[in-house]
Structures are given as structure tokens and as C-alpha cells.
Amino acid sequence: MQHEDCALELQNLERHFAHGRVRAVDGVSLTVEPGEILSILGPSGCGKTTLMRMIAGLEVPTSGQIRIHGRDVSSLAPHERNVGLVFQSLAVFPHMNVEKNVGFGLRMRKLSAAAIKSKVDTVLDLVQLPPDQFASRWPSELSGGQLQRVALARTLVTEPALVLFDEPMAALDRRLRDYMAIELRAIQKQLGIAAVYVTHDQETASTMSDRIAVMNSGRVVQVGPPPEIYNRPANRFVAEFLGDTNVLTIARLHERSGVAQQVEVEAGQRLAVSADDHLAGGQMVLFRPGQTKVFTDDPGGAMQAVLTSVSFNGGLYHWMMRLADGTPLLAQSTRDDLGGVSSGQPIWVSVDHEQTHVVEQ
Amino acid sequence: MNKRMWSSSKMVSSGLPNPVVPAQRPKIKRRPVAWLLLPAGLLIGTLFVCTLTVVRISLGPRYAEWDGWSLSAYAEAADPYFLSIVLNTVWLAVASAILAVLISFPIALFMVRTASNFARRVVLIGIMLPMVISLLVQSFGWVAILGPDGLFNQIAFAITAEPRTFTLLFNSTGVLLGLVQTTIPLAVLPIISSLGGIPVDLEEAASVLGAKRLQTYRHVILPLAAPGIIAGTILVFGFNTGAFVVPLLLGGSRVSTIAVIIRDQMGTLFNWPLGAALSVILIVIALSMQAANRLIGARSQFER
């Protein structure tokens, strides 16, 4: 099967180390549509960097195929692939000023000096580094955010078929990172370049991407748009990686009714889950802390717990609690639903069956 | 997450129960550290006095070095014979510096790039050997290899049955070989340190941006390794302008260097002012390269 219209297509890509004993990338198949920005999200050591390096040609795949706009580039050298890569370290050349850095790719392609000048000026304007002000600056005179823009400009100016980002914003502080993520996405959409953004930061991934591919132990665990990944995680790993999650192990099915089914969790409490979920046993119920409701009195059908701590952070109240068997739960709300309750006192917590999600162990 | 919790609880426990902690941390006094330089300072100071003595002697008349003033020694040194030896010394130093750096660059590149620690260690030991074996011993080794009946000529004889094919001893070729071999460590080490300091990312970035292998070397690696290459060149040049043992043994009477004739003037002929004048010329040559680098380097340095 072959998609001529895909910006990037990976087919069963593998990379082994230590004579096959370590599979850094273990059978990854992915596509990136033209103009799309796909994040590859995973913890460090999940193989996302190796995957990205193979796409750029800096690492040789053990097996599998890499196609860029239908062209098989698997055996091409990096300079033959027309792929852009913005490094985590940014890799701005310290011995060249901004203009020379940005024009590097064009000089290697032997463009005329006039053409280089005009392209460099255009792209510097695009990344909001006015050429008259920044062209002759040295990297040592620039801030982290400005270096970031230089690295981006240097990559975009060669008009690559695909741009790869290797967590280039990891070193920036939170606020600047959020700002750059939005701006980067705006530029990417403006130019219509397909992009792959590799990161371990789920917030940046969600802000930036059209789709997220979650990786773990060399494999892609789930691919989908950010809300889908967040709300319908394929398993516990995905759920926990994308933010705080409550996890309860299902002990048995208790009762089935129209749109919901009652299950008993290992702590002994009962909980309603969607009737669409197929229950097989050994499964878990996941739900987000923000989708819980907490009560000071039993409203009926809620789980009883003991409050262990309260904090207020980021505009939300956070209540930590424990079920009878010690299973921890987290609830969040903008309102102080438990005003006056102190640690050690009993409370009740419930979650709508629509908001729960059953996954395999 | 654990770490964060630990550090915040730590902050609370150390901040709360002890409100009388002074707001200012006790300051460690920064004493002047000049006395750390004392032992070296004494030695170098002595060297400075010695050098001044040489300058003084070069400006005195023969046999009355401390009493009068005269430029006759410099006039003598301007003799075409001495000038040719000065030029020859400079030529040997320049040629050996260039060759040593050309040979050292690939070695340094290998040292920086190889994934095998074993290979790196073996090569490093190989490079450092000339520094631990006496120059005299190394030079005699070269004599045994380059001589009329040395290793090279015996191999040539075995192949062509022609005796004494190569004349490598007592000419510039032999001296140059010896000078290059004995100073390779001086060139390799600074190049290793500058190559090792170039992040792999820069090279990979160049490649992804469309630079072919050679373009990457020309536009990224060589410019960034330049400080080490220049340092290696200056070290070898400076060291070989003063070469004595190697030219004495491998050059015989035909290839002389400044250091050899200084010794002749001072030791054999007791012409101290001329020996001293030649010494001053040697010092000026050795320092001129350093000064030239400072002048050029001041303009083109990107590391601020």
C-alpha cells in the first residue's frame, strides 16, 4: 500500500541496537498528511528521538521504509532528503552571524548571493527577527527565544518537504514555550509545511498538533487528535502520560441497565460505566480528576472516600482522597465543594458514566 | 515528582522552625590567590633574568661582555652564512609545523570520533610516546632507519639490489622527518581538544541543511577547530625553531639550525656576544608567530 499524497509515510520502521537485543524503534507505521503537524509524544527512552533521526537520515533503520511525498528516502543521506530539522540544542553555528546561519542551506545549494539575501530577509521577517536589526548579530548576542527563531528560519528558508522538531523549546521557560508553540503552529499553517514535533511535554504537544502519536517502548500506542487521545486513551499508560488520571481496577460486573452498567471495583465500591464498554474482566476504569463531583454527604450512588489533602493551584481545588482499600483518587473543581471538610473526614465522590473509560490492564 | 515534593517539604522544615537565621549567608572571603603562582613565578622570574642577561651579553664587545656596549655581534650575525642558517631554521620550523598539523588532524579526528575506548587509549599512548622517550634516543632511532645502511636502504636493496638508494641522513629530509615525528604530540593534543568541543549537533545540522561531507568540513568543522589547529601550529613552530638535538644528529654538519650554531659559538668558539645575538634572534622569531596570531585572532574571533 502506498500513499502518493502523504507528506510522510513510515512503514514498519525498526531500529535495533546491541545486535537486536534492544529495539529502540519497534515496528512503527505512521503517516503525516500535507500541511499537518503531528506530535510524537512519549517519555524519554521511548524511541521518539531515534525515530526522528531516522526520518532525517541521521540514523539508519534496521528495517522498514520511509517515504516523503511518495519518494522512498530510506537509503538517502541527510543532505539528499530535503527534510528540515530543528534540534533540541538548536545547533546554531557559533562562528556565523544570523544572516550566515540562516543562509547556510542556500549557500550549500549554491544559490546566487542576491537570491540568498532576499530569501533570508523574507524568512527573518516571517520569524519576527527584522533583518536590519538582527542579520549581522552573533549567536552569543541573542536570547534563547531569538536563537530559537534563528534555528527555525534556517530550517524554513530551504523550503523543506517536511520539518522535524526535536523538542526545540525544552530549554525555554513555560510562558515563552507556550507562546512559541502557538506562534510556531501559526507559521507552520501559514506555510502549509508538514511537520513532526517530537516531545515529552503533553501540553506543548496538545497546543501544537493536529494529531498526536503516543509512543512507549519503541511502539506507537495510540494516534489521534489531542482531545481524542486525552478523553479516550487506549490504555493506562496513555491516560497517565497525558495528565492526572484516576485508575480503578474492575473486580466484577454488578448490574447492567440501559445506557450504563454498574461495576464493582476492587476497593468494594460500585461505579457506573458506559454500556458501550465491553467488559471482559481484568480491566480498569479511568477517569479524569476534573470530571469528578465531590460531596460532603452521600448523594446516593457515589463512592465513599477519606479526604487526605486539599490544595489550590492553577485556579482549581485539588482534593486527594483514599478509598477503603487505600486506592488514591484525585478530584478537581473550580468551586470549593468541600469547604469546611478537613483531612481524615469522610467524603463522597462520583463520576458520570459518560466520562469514564474502560481499558485493558 | 517525588523530587519536587521532597525539596518543598525540605524548604518548609528548614524555613519555619528557625526564624532567627540571619538574612545574610556567611560570606566566604575571597582572598587574593596570587600566592598560588609563587613557585612558578620564582622559576619564570629567574628565566626572565637569564633572558635579560643574554640580551645584555649580545650588546657587549667580545671578551668584555659586561663592561662595554657594542652592536658588533649583530653585525657579525648578519653574515650571509648565519642568515642562511636562520632562514633554514625558519623554513624547517614552518614546514614541520604544517606537516605535523596535517598528520595530526586525522589522528585527532579519529580520537574524537572512535566509539572504541580501547582504540582511543592505544592511539593516545602512541601519540604520547615521543614525549616520554628522550629526543636523543628518538634521533638515534631515526639514524638507524635513515642511514646509508639503515632500514630504508636495506629494504630498497632487497628489492632493487641497488645499494644506498636513498640519501635521507644529513640533509633536510631527514631533519624534517625527525622534527615532524617528535612534535606530533604538540599538534595533536590542542586539535583533539578543539575538535572534541564541537557539538555533534552542529555537524548533523549542516548535513540536514544540505551540506555534503566535504562542505561540512569546510564550513563547519575546520572553522570551529581553527583555534586548536592554530595553537598546534604555533607550538610546533615555536618548539622547532629552537630544535637542537634532532638537527644535530640527523643533519650532521650539513643542516644546521640556529640552536646548533648558538652552541658552537658559546661552547666551542667562546664567541659569547655572537651566540647571545643569535639567541635574541631565535627568541624574536619564536615569539613573532605568537604575536602574529594575536593580531589576526583579535579580529576574527567569534567567541567573545
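**Stop one: two domains in chain A**

Start with the C-alpha atoms of chain A: the centres of domain 1 and domain 2 lie 39 Å apart. To colour them, select 8–240 for domain 1 and 244–360 for domain 2; these bounds come from an automatic or database domain assignment.

Before you click on, note that this is a predicted model, where local features need pLDDT of at least 70, side-chain atom pairs count only at pLDDT 80 or more, and totals for chains, interfaces and linings use all residues. Residues are numbered from 1 along each chain as its sequence is written, while chains are lettered from A and ligands numbered from 1 in the order in which they are written.

Where the domains touch, seven residues of domain 1 are in contact with seven of domain 2 (C-beta atoms, placed from the backbone, within 7 Å). The domain 1 side of chain A divides into three nonpolar, one polar and three charged residues. Here Ala, Val, Leu, Ile, Met, Phe, Trp, Tyr, Cys and Pro count as nonpolar, Asp, Glu, Lys and Arg as charged, and the others, Gly among them, as polar.

**Stop two: a sheet in chain A**

Next, show the open, mixed sheet of six strands, ordered β6-β7-β8-β3-β9-β10. Strands are DSSP runs (E, at least two residues), numbered from the N terminus, and two of them pair if DSSP finds at least two bridges between them. At the edges sit β6 (83–86) and β10 (219–224) of chain A, each pairing on one side only.

Now select 162–166 and 194–199 of chain A: β7 and β8 pair in the parallel sense over five bridges. Zoom in on Leu164(A), which stands opposite Val196(A) in β8(A).

Methods. Helices (H or I, at least four residues) and strands (E, at least two) are DSSP runs, numbered from the N terminus. Two residues are in contact if their C-beta atoms, placed from the backbone, lie within 7 Å.
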